[in-house]
Amino acid sequence: METLPTGVSVLDRQFGGGFPSGSVVVLKSNPDSQSELILDRFARVRRCRYLTTVRSAGAVEAALSRDGDGETTVEATDEVGDLDEAASLTTDLPEEGTLIVDSVEPLERGASPAAYAEFLDGVRARVDDADGVALLHALRGGEDPQARRITEQVADIVFDLRTTVTGTEIANRLVVAKFRGGAALEEPLKLKLTDEVAVDTSRDIA
């Protein structure tokens with residue numbers, strides 16, 4: 001089993017070079033956070049298939065092309081929550097490539113738990129066959145879909161990006177409580193999310 005870099009140096013250092021090939025990773029975050037910055041870095045590190053269920057393909061391509069990106073194929077769903085369409089658009093994953101689904105929330109809400117679990121099984125099979133990595137962007141907002149439990153249970157690695165605003169500070173903490181086949185973090189990793197992903201070295205003041 002090969003270790004694949006994430007494209008985020010701080011994460012690669014924490015996890016011994018990256019993620020085990022074949023891993024399904026979930027990134028939970030608030031819609032108004034800078035979580036898309038993490039997706040951007042994941043998409044650039046190797047050949048990538050990017051499925052967008054909310055934003056248009058053009059919007060995603062424009063964001064990725066700002067710094068130059070010719071290795072990402074962007075697909076957009078026509079019907080919100082259509083699992084069959086989503087499955088068809090996530091085939092042909094490049095060898096050791098990255099699959100990004102941004103976001104899974106419409107898919108979680110739009111199908112029965114059994115059908116959604118079958119979709120995730122298909123994602124895992126394609127990632128296993130390609131020795132790649134899948135990143136599922138799971139947005140929070142109000143009440144989580146019932147199928148969110150399925151997403152987290154199937155995932156090998158669960159990232160929980162927690163953004164808080166206190167006074168004049170915006171704090172981003174990444175909690176990694178689940179890492180199947182590796183070591184989860186014992187405490188949150190404080191991140192600086194501006195135009196890059198880095199460790200926030202500022203001290204917390206109680």
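## Helix α3 and its buried face

A residue is called buried here when its relative accessible area is under 20%. In this predicted model, helix α3, which comprises residues 57-65, has A57, V60, A63 and L64 buried in that sense. Viewed down the axis of α3, these buried residues fall within an arc of 130°, so they line one face of the helix.

The packing partners of that face come from both helical and strand elements. The buried residues of α3 pack against helix α2 (35-44) and against the strands β4 (48-52) and β5 (72-76).

## Helix α6

Helix α6 runs over residues 113-130 and contains 18 residues. From its first C-alpha to its last, α6 reaches 26 Å, close to the 26 Å expected at 1.5 Å a residue. Its buried residues are Y116, F119, L120, G122, V123, V127 and A130. They cover an arc of only 150° around the axis, which puts them on the same side of α6. The face turned away from this buried side carries the exposed residues A114, E118 and D129.

The buried residues of α6 pack against the helices α4, α5 (105-109) and α7 (148-154), and also against the strands β6 (98-102) and β7 (133-139). Just after α6, D131 takes a positive phi of about 55°.

## Strand β6: V101

One of the elements against which α6 packs is β6, and V101 is found in this strand. V101 is buried, with a relative accessible area of 0%. Leaving aside neighbours within four places in sequence, the contacts of V101 are L51, L107, L135, L136 and H137.

E85 lies in helix α4, residues 83-89. E85 is buried yet has no salt bridge. The nearest side chain of opposite charge belongs to R49, which is 11 Å away; a salt bridge would require a side-chain nitrogen of Lys or Arg within 4 Å of a carboxyl oxygen.

The side chain of E85 is instead placed beside backbone nitrogens. A polar atom of this side chain lies 2.8 Å from the backbone nitrogen of D78, and the backbone nitrogen of E79 lies 3.2 Å from a polar atom of the E85 side chain. Apart from neighbours within four places in sequence, E85 is in contact with A76, T77, D78 and E79.

T6 occupies the loop between β1 (3-4) and α1 (9-14). T6 is buried, with a relative accessible area of 1%. The side chain of T6 reaches the backbone nitrogen of V8 at 3.0 Å.

When neighbours within four places in sequence are set aside, T6 is in contact with L11, D12, G18, F19, R41, F42 and V45.

## Strand β11: V197

V197 is found in strand β11, residues 197-199. This residue is buried, with a relative accessible area of 10%. V197 and L37 are 160 residues apart along the chain, while their C-alpha atoms are separated by 7.2 Å.

L37 is also among the contacts of V197 once neighbours within four places in sequence are left aside; the others are V8, V10, I38, R41, L191 and K192.

Terms used:
Residues are numbered from 1 along each chain as its sequence is written. This is a predicted model: local features need pLDDT of at least 70, side-chain atom pairs count only at pLDDT 80 or more; totals for chains, interfaces and linings use all residues. Side-chain values use heavy atoms; hydrogens and water are left out. Helices (H or I, at least four residues) and strands (E, at least two) are DSSP runs, numbered from the N terminus. Buried means under 20% relative accessible area, exposed over 50%, partly exposed in between (1.4 Å probe, protein chains only). Lys and Arg count as positive and Asp and Glu as negative; His and the chain ends are not counted. A polar contact is a pair of N or O atoms within 3.5 Å; within protein, one must be able to donate a hydrogen and the other to accept it, and residues adjacent in sequence count only if both atoms are side-chain atoms. Contact means heavy atoms within 4.5 Å. The expected span of a helix is 1.5 Å times one less than its number of residues. The arc is that of the directions from the helix axis to the C-beta atoms.
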